[in-house]
Amino acid sequence: MTDAGALLGWHHVYSGKVRNLYEREGSPTLMLVVASDRVSAFDHVLEPGIPGKGALLTQLTRWWFDRLQVPNHLVTALDVELPAVPAELADRAMLVRRLDMLPIECVVRGYLTGSGWAEYQQSGTVCGIPLPAGLNDGDRLPEPLYTPAFKAPLGEHDENITFERSIELVGEEMATQLRDASLAIFAAASAIAAERGVLLADTKFEFGTDPDTGVLTLADEALTSDSSRYWDAALYAAGGPNRMDSFDKQIVRDWLAANWDKQGEPPALPAEIVERTAARYRELIDRLCA
Ligand SMILES: CCOC(=O)Cn1cc(-c2ncnc(N)c2C#N)cn1
């Protein structure tokens with residue numbers, strides 16, 4: 001059975017770059033998120049996959065769900081009698097409760113980097129929010145910024161929106177709940193990561209509401225190295241060009257930058273790059289979850 005292939009007892013409903021979503025036949029409240037070993041960079045899914053990545057990121061999101069004091073969509077044996085999940089998928093699959101998903105990507109930025117740095121260089125703002133002058137790439141922000149985006153259809157880029165626009169989309173009470181929950185989770189996760197010598201630079205949350213209770217519930221993946229930037233705190237404090245090397249894809253990004261002109265399809269990753277990237281994914285798990 002391939003990731004996006006038929007899965008006995010499950011109906012495939014969604015394929016992202018690296019994960020697939022299924023709904024349980026005959027059980028409308030149960031869904032299955034299956035993480036693949038695929039890795040994406042520069043908006044391309046790369047070949048080959050990174051061995052163990054799907055299982056490592058599933059382990060990481062489970063670890064965070066267990067630690068964060070917020071309702072999440074993970075289903076455990078305490079909730080329902082768990083239906084069979086094929087053995088070959090078990091370590092990279094999550095049984096989740098179906099939620100009424102909200103169309104907002106809840107991005108929180110603790111540091112100035114990536115697209116935020118690019119905008120800041122042009123306009124001194126991030127997602128339209130003015131920042132102090134004189135900041136440099138990688139600088140810690142005066143306070144974490146909530147910069148929501150409107151979830152785009154598959155394959156398109158999410159659209160950065162203002163908090164006021166998010167109010168128009170989901171109402172003031174829900175928009176406020178999303179912002180406050182995102183900032184609170186970011187603060188809690190940043191403290192937990194920092195205790196382990198890891199900086200959480202930025203992340204993206206998705207939420208839904210429980211169809212029965214209306215309770216705001218953390219969905220999708222949480223604080224994985226696909227949805228977040230993680231840096232080594234000691235390397236960052238030492239400064240220098242590698243202080244913002246991410247814990248996972250930097251090796252891939254650097255190799256692609258040196259071996260691909262961004263035209264057409266990216267080249268296949270050499271075995272050495274695949275092995276080093278797999279080791280970096282493992283290293284983050286060992287640092288955080290040990
Ligand atoms: C492959 C993972 O899915 C997505 O990336 C986007 N997505 C999530 C849902 C969803 N829908 C209802 N309930 C849920 N618990 C979820 C979740 N997670 C739909 N699309």
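The structure holds six aromatic pairs, a pair being two rings of Phe, Tyr or Trp (its six-membered ring) with centres within 6.5 Å, where planes under 30 degrees apart count as stacked, over 60 as edge-to-face and the rest as tilted. This is a predicted model, in which local features need pLDDT of at least 70, side-chain atom pairs count only at pLDDT 80 or more, and totals for chains, interfaces and linings use all residues. Residues are numbered from 1 along each chain as its sequence is written, and side-chain values use heavy atoms, with hydrogens and water left out.

**View A. Ring pairs link Tyr111, Trp231 and Tyr236 into a cluster.** The rings of tyrosine 111 and tryptophan 231 are edge-to-face, because their centres lie 5.4 Å apart and their planes stand at 65°. Tyrosine 111 is buried at 8% relative accessible area, as is tryptophan 231 at 1%, buried meaning under 20% (1.4 Å probe, protein chains only).

**View B. The charged end of arginine 24 sits over the ring of tryptophan 10.** The distance to the ring centre is 4.8 Å, and the criterion asks for CZ of Arg or NZ of Lys within 6 Å of the ring centre and within 35 degrees of the ring normal.

Conventions
Buried means under 20% relative accessible area, exposed over 50%, partly exposed in between (1.4 Å probe, protein chains only).
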